[in-house]
Amino acid sequence: MPLTARAIIRRIETGLIAAVLALFVLFGILEPQFLSVGSLNNIFRFVSILGIMAIGETFVILSGGIDLSPGSVIGLTGMVVGGLLSYFKVQWLLAIFLTLLLGVAIGAWHGFFTTKLSPPMPQIAPSFLVTLGTLIVGRGVAQYLTRGYPILVTPIDQPIFTYLGGGTSLGLPVPLIFLLIVTAIVVFALYFTPFGRHVFGIGGSLEAARVSGIDINRTRFSVYIISAVLFSFAGILITAMLNAAYPGTGSGYELIAISSVAIGGVSLAGGEGTPYGTLLGVTLVWSIQTGLVMTNVSPYLTDIITGIILIFAVGVNLYNKIRIR
Amino acid sequence: MSSLEQRPLVEMKGISKTFGAINALQNVDLTLYNDEILGLVGDNAAGKSTLMKILTGVHKADEGKIYIEGKEVTVNRPSDARALGIEMVYQDFALAPNLDVIDNIFLGREETKNLGGLIKVLDKSGMRERGINAIQALQVDMGQFDSLVRFLSGGQQQAVAIARATLYRPKVIVMDEPSASLSVKAIQRLLELMKRFKEEGISLIFITHRLPDIFSVSDRIMVLRAGKKVAEKKITEVTLDSVIKLILGLT
């Protein structure tokens, strides 16, 4: 009996929603503060920013590649926008624009490496390598800019900019509004444009994409630019939210990005998955982290517990896929 | 037969192709006329698939020229071939397993409509209608069109690949080992379909190891051996035996 795409997706996401709810109930019981308005506000504010990052990662993985750079791009762009605002006194909109432009440049480098410097073969290896390079170099540059010191961006100096990360509008944290806009655009691109079909096609079968006349290089190029710009946007919002840019911001976030994507049901081989799954995945991942911290679990155990839950979740996903087949 | 007086539909002249140290094709000519089925046979690595991939733009010939209806053309990529009305049904179908039937039929040639005059959006209902028509014309039971291609049987997947090839009324369809993953019944249906295509004015180049199938539908037959053309004859001028001898080089 052929199973439709919708039936499968519904199954993964219902499971995720149930898991997130169960987690909230559990942590709420263990530490009632977890469910306080202030706490939930903070969680969703930060999850929204991580969600923007994770959606960028989703794009790359859907197309059959992988991106290890989100953490370092977030760190670097956070420092760059902070420096532009506080040292060079650049106007906030221009500062954001220039920082996003840096994101475009980073993405273009990733795209260039994976398309020109390697033939149209499966791109896991080239994309792994070039984004790993960015992970290392980007973090290095972020540290080097201020020799390790943070850059302050206070609400007094930059009221509008800090509002973008820390403010509330229509009852929602502003980053959440940004996330909703980003998600709407991404969903439109993936499901209502030829470009989206090409991304899924390349991820599903390189041969099918090639004989169909899809411009594989151009599609891949676009995907890496989109992801780097989204990572940069996340970096900008974190600086706005924290009122400061730290060279170490974003360390380890690539793992959050990839785990969220995997938990969300996006196949790491490419071609399958949804942004919704990713967003549920990132909510799950970050809620676990926050919940463990708030219930005073030892920081050493936090990583272990998070890791075990992630492996379990990814395993369930894979098992489901095999069973369906 | 009138094909001798017609101008050929497709002419490939002096095609040579090397892959590293391997001489895949050496100075091969191929002629295809209107309203005919040309059987292309040869042992493994004779160069049949390579020759066809050159025609359909997947490979580029090192030497040689291609003419369509008398005019010289360049085919650098699959979209060039499609634009010239040449389509191919690949041996392993070359479908995206993670996409549904309609997505695969239109992959790379998605139809769009204007949303509010500004944005180009996928014309999903239009594609669905045209895709369903293309499949139904093949008279294959597809089940649900929303099925992902990976859940379809070999015959159904091939129907999708054929529907993709017939979407824009091509002049030529190349079929590379189409019987490979099919049941006996499906193979019979396929041969009937190929005769129907010919009646509708589409010429076919038919690569297969199953020689009886060639004799069942082809008008002419071309034999390749080790990268060279060794024979090109009307089907009435050969027998199964003589073809086998030509393929193996025993004469």
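Student: How are residues and chains labelled, and what limits apply to the model?
Tutor: Residues are numbered from 1 along each chain as its sequence is written, and chains are lettered from A and ligands numbered from 1 in the order in which they are written. This is a predicted model, in which local features need pLDDT of at least 70 and side-chain atom pairs count only at pLDDT 80 or more, while totals for chains, interfaces and linings use all residues.

Student: What average pLDDT does chain B have?
Tutor: The predictor's confidence in each residue, from 0 to 100, is its pLDDT. In chain B, 98% of the residues score at least 70. The average for chain B is 89.

Student: Which residues is P170(B) in contact with, leaving aside its neighbours within four places in sequence?
Tutor: P170(B) sits in the loop between α5 (154-166) and β9 of chain B. Helices (H or I, at least four residues) and strands (E, at least two) are DSSP runs, numbered from the N terminus. Contact means that C-beta atoms, placed from the backbone, lie within 7 Å. With neighbours within four places in sequence left aside, the partners of P170(B) are G85(B), I86(B), E87(B), A165(B) and I202(B).

Student: Which way do the residues of β6(B) point?
Tutor: Strand β6 of chain B covers residues 86-89, and all of I86(B), E87(B), M88(B) and V89(B) are buried. I86(B) and M88(B) point one way, and the other way point E87(B) and V89(B).

Student: Which residue in β9(B) stands opposite V89(B)?
Tutor: Two strands pair if DSSP finds at least two bridges between them. Four bridges join β6(B) to β9(B) (residues 172-176), and these strands run parallel. Opposite V89(B) stands M175(B).

Student: Which strands stand at the edges of the sheet in chain B?
Tutor: Six strands of chain B form an open sheet with mixed pairing, in the order β6-β9-β10-β3-β11-β12. Each edge strand has a single partner strand, so one side of each is left without a neighbour in the sheet. The edge strands are β6 and β12 (228-234) of chain B.

How values were computed. A residue is buried if 20 or more other C-beta atoms lie within 10 Å of its own, exposed if 12 or fewer, and partly exposed in between; C-beta atoms are placed from the backbone. Two residues are in contact if their C-beta atoms, placed from the backbone, lie within 7 Å.
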